[in-house]
Amino acid sequence: MTRQPTDSVSAAGMPSGSPALKIGPLHIQGKTLLAPLAGITNLPFRCLIKECGAGVVCSEMISAKGLFYNSEKTLALLATCPKERPLSVQIFGAEPDIMARAAAEISQMGIADILDINFGCSVKKVLKQGAGAALMNHLPMSQKILEAVRRATPLPLTIKIRSGWDASGSQAFAMADMAEKEGVDAVVFHPRTATQGFKGHADWDLIRRIKQQTALPVIGNGDILTPSDALTMLNQTGCDAVMIGRGAMTNPFLLGQVEALITQGISLPVTVSDIFRKMVRLIQLYVSHFGETTACRMLRGRLPWFVKGMPGCTEIRKLLSRITSSEQAIELIQNYEYRLSL
C-alpha cells in the first residue's frame with residue numbers, strides 16, 4: 001500500500017465527530033495506546049507516558065506460568081498506581097487452564113481495566129514455549145485459550161496479533177474472526193510477519209482489510225514515529241485507534257501529540273528542553289520505584305534513547321550509559337542542555 005507523505009497530512013482528514021474508543025463496556029478518552037514492550041513499559045515509564053497525554057498504557061508481558069508459580073519477578077511487573085489508569089495488562093502463555101487462572105487472578109487484583117492476550121511476540125524464548133506468535137500457527141489451541149480466558153474474566157478482553165507466518169495475513173484474518181466469535185472486545189494488529197521482527201515495513205493495507213472484515217474495534221500498530229504517521233494510519237485504514245511502542249521510546253510526548261492532532265487539529269511542538277525535563281522526570285520515577293542503585297543500572301539503557309539524533313549526542317550517550325547515581329545523571333543532562341544552548 002502506498003502511503004501519503006507524512007508532512008502533508010492534516011487533521012482535516014479525520015471524520016467529523018469521530019467516536020470515542022469503546023472496548024467492551026469501557027469508554028476510553030483518546031485514541032492512543034502505549035504498546036506493551038518487554039523490559040521497557042514498567043510502571044515508571046508508563047507513568048511518564050501517561051503524564052505526556054497517552055490514552056491507555058499497557059504493562060510489560062506477564063507470564064501466565066509465572067503467576068501460576070507465584071514468581072516474585074512476575075508479580076513485581078504488576079505494580080501499578082491509580083494515576084496511570086486506564087491500564088491494560090498483557091498476559092502470554094500456551095496452556096488454556098493456566099492462562100485462565102492468570103486472567104482470573106489479575107481480575108481479582110482489581111489493577112487492570114483491560115486484559116490483553118499476546119499472540120504476536122516472536123522472541124525465541126516465547127516461541128519455544130508455544131506462546132506468542134507460535135499460537136498463530138495453532139488456531140485450535142488459540143481458540144481454547146480464548147474460550148478459557150473469556151470464561152475466567154469479566155474484564156474487557158483484547159488480543160494483540162501479527163500478520164502471521166506469511167505476508168498474506170490469512171492467519172490474522174482467521175484470528176480476528178475467531179476472536180469475534182469467542183467474545184473478545186477488540187483486536188490490536190501489528191501487520192508484520194512473525195519472522196520480520198521489527199524489520200521492513202508494516203503492511204498497513206492489512207489493517208484496512210481486517211477492519212473491513214470484523215465488527216470489533218481494530219487498533220493499528222506499527223511504524224508510527226510521528227503524529228502525522230498516526231493520522232495517516234487512521235485515515236488510510238479506518239482503524240479505531242493506534243498503538244505506539246518504539247516511537248515513544250525516543251519521544252515520550254508522541255502519544256499526547258497524536259491526541260492533540262486528532263482532537264484539536266494542532267501539532268504540538270516538542271522542544272529540546274521538554275525532552276530534557278522528561279528525562280529528569282523519568283530518573284525521579286525510576287529512583288522512587290526501584291531505588292537508586294537498580295534505577296541507575298536500568299536507566300543506563302533508557303536515557304540514551306531520548307538524546308538520539310541530537311547534535312553531538314555520541315559522547316553524552318556514552319556517559320549516560322555509565323551513570324552510577326541519579327545526581328550524576330541529572331548533572332550530565334543539565335550540562336548537555338547548556339552546551340546545546342550556546
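A pocket here is an open set of grid points with protein on both sides within 12 Å along at least five of seven lines. I'm working from a predicted model.

I looked up the largest pocket and got a volume of about 740 Å³. Its lining runs to 37 residues, and Pro36, Leu37, Ala38, Met61 and Cys121 lie nearest the centre. I then checked which elements give two or more residues to this lining: strands S4 (57-63), S5 (87-92), S7 (157-164) and S10 (241-244), plus helices H3 (72-76), H5 (124-127) and H10 (246-250). S4 has the largest share, with 4 residues. By class I noted 16 nonpolar, 14 polar and 7 charged residues in the pocket lining.

**Cavity**

How many cavities of 30 Å³ or more does the structure hold? I found 1. The largest cavity has a volume of about 40 Å³. Around the largest cavity I listed Leu33, Cys58, Ser88, Ile114, Asp116, Thr158, Val188, Ile219 and Met243. That lining splits into 6 nonpolar, 2 polar and 1 charged.

**Helix H7**

Next I went to H7, residues 170-181. Its 12 residues reach 17 Å from first C-alpha to last, close to the 16 Å expected at 1.5 Å a residue. Which H7 residues are buried? I have Gln171, Ala172, Phe173, Met175, Ala176, Met178 and Ala179. These buried residues pack against strands S6 (114-119), S7 and S8 (186-193), and against helices H6 (139-152) and H8 (204-213). I also noted that Gly183 follows H7 and has a positive phi, near 90°.

Terms used:
Residues are numbered from 1 along each chain as its sequence is written. This is a predicted model: local features need pLDDT of at least 70, side-chain atom pairs count only at pLDDT 80 or more; totals for chains, interfaces and linings use all residues. Side-chain values use heavy atoms; hydrogens and water are left out. On a 1 Å grid over the protein atoms alone, a cavity is a set of points where a 1.4 Å probe fits but cannot get out, and a pocket is an open set with protein on both sides within 12 Å along at least five of seven lines; lining residues have an atom within 4 Å of a point. Grid points are joined across faces, edges and corners, and a volume is the space filled by probe spheres set on the points. Ala, Val, Leu, Ile, Met, Phe, Trp, Tyr, Cys and Pro count as nonpolar, Asp, Glu, Lys and Arg as charged, and the others, Gly among them, as polar. The expected span of a helix is 1.5 Å times one less than its number of residues. Buried means under 20% relative accessible area, exposed over 50%, partly exposed in between (1.4 Å probe, protein chains only). Contact means heavy atoms within 4.5 Å.
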